[in-house]
Amino acid sequence: MHELNYFHQKYITQLVKTVKSFEVDSVSTNDVRQDIMLVREQPIKCIELIGSFEILIMKLIGTKNILQVCHDDLAVADNLLQKVQEFDAAVFDKKALTHFLYQGINEFEYSGMRFEPLVSKTVRVLFFIVISILITKAFIVPLIGLILSNSVAQDYQLLLITKTNLEEEKQRNALIQSERIESLTIMVAGMAHEINTPIGISITANSYLGDTLSMLRKSYEDQELTKSKFDHFIAEMEKSNTLVMNNLSRTAKLVKSFKEVSVDQFVDELQNIKLKPYIEQILVSLVPVTQSANIKFKLCCDNDIQASIYGGVFSQIFTNLVTNAINHAFQDKEAGIISISVKESSDNEIHFSFEDDGCGISEIDKIHIFDPFFTTKRGEGGTGLGLHILHNLVTDKLQGRVLCTSEIGAGTRFDIYFPKIIKVTD
């Protein structure tokens, strides 16, 4: 416990330095958040360290407030993390955040002052008990049995937690894969319908050109070919050729965009991506879906903005946002506009904004939109997984955060922040 308190004070000192640097714009809120998490780890470890035997001893000697101090520390840390998140969402300014941070640091230091004497007393008593047990052999076997049983129980509990975490991770990956396949299935169906149109036009134009060529050949063989007939054939051939080329080019563009986007969705590899052309490719692949819903897009993004990210993950996030807007934002509208903005901040962070002019989300529903299986269309086939998976992909794969702003009748905006360069983690 002395070691925990040492690291607690060490990380508090480190947090003070970081906050001072934050005041002069030397570090970002990510650095502040990381130092708060380091301070937060110590009370968690303390709570995990204290078993039933230690609790019994602390109750007997009057030092059970150690646990309360740890819980108080956790509450302060969680409150500071919430304040940092609210600052990132522009709820208040840097001056207010700095005030909250210094106030939290004072509370951390006060907890340390309360913690140290309680720990010293507990350690002294435990040491005395151990010595007494060694001297009094009659208590050695029961004590060892108690310690071993406590250790075995903790190991078993840790094993159960690990097993549960692995099962949850497996289920989450299965849900993400299922959502990807469902999204791709919708794109395939729409793409097939979209491609049929230009191909059908090309076939019709080519057939007409063949009939015209047969008529020209007959006129030539019957020696009835006049200059006017020949000129007419040339004109029709030029029009048909232009029609065929334009529609085949359109088909090739659709297939190319669909191929690149669909392959990316199943390949989790870091890619150095120029965001504007990549978003434009995704939009082309989604034309069959958005065109039928009569949705128009406005894209605001500099040509030179690029990031080292998982392209497939970004594509899946974008597709989920579009699908969610079609199913919910524009369900009662004949047309809609989606505005997309991409900006690069000074601290090498990308800000991706996705805003629709749809019906909006109620305050009650907005609280739960990222919860798994929450949907307002349960009876219409909704699974409630789209935004939940989006939230997991943003926080896990893109190492970022997502915020939602919405009002009934005023549309919905999703703000996604992620680092320009994703760090590979084991």
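Biologist: Is the crossing of α10 and α12 left-handed or right-handed?

Modeller: This is a predicted model, where local features need pLDDT of at least 70, side-chain atom pairs count only at pLDDT 80 or more, and totals for chains, interfaces and linings use all residues. Residues are numbered from 1 along each chain as its sequence is written, and side-chain values use heavy atoms, leaving out hydrogens and water. Helices are DSSP runs (H or I, at least four residues), numbered from the N terminus. A crossing is left-handed if the near helix is turned anticlockwise from the far one by less than a right angle, and right-handed if clockwise; for α10 and α12 the crossing is left-handed.

Biologist: How are α10 and α12 oriented, roughly parallel or roughly antiparallel?

Modeller: The axes (lines fitted to C-alpha atoms over the stretch in contact, with angles from 0 to 180 degrees between N-to-C directions) of α10, residues 311-329, and α12, residues 386-397, come within 10 Å and cross at roughly 150°. Angles over 145 degrees count as roughly antiparallel, so α10 and α12 are roughly antiparallel.

Biologist: And how do α2 and α4 cross, left-handed or right-handed?

Modeller: Helix α2 (residues 29-49) and helix α4 (residues 65-88) have axes that come within 9 Å and cross at roughly 160°. That makes α2 roughly antiparallel to α4. The crossing of α2 past α4 is left-handed.

Biologist: How many disulfides are there?

Modeller: A disulfide is a pair of cysteine sulfur atoms within 2.5 Å. The sulfur of Cys 300 has its closest cysteine sulfur in Cys 301, 7.6 Å away, which is too far for a bond. By this rule, the number of disulfides is zero.

Terms used
Helices (H or I, at least four residues) and strands (E, at least two) are DSSP runs, numbered from the N terminus. Angles under 35 degrees count as roughly parallel, over 145 as roughly antiparallel, 65 to 115 as roughly perpendicular and the rest as oblique.
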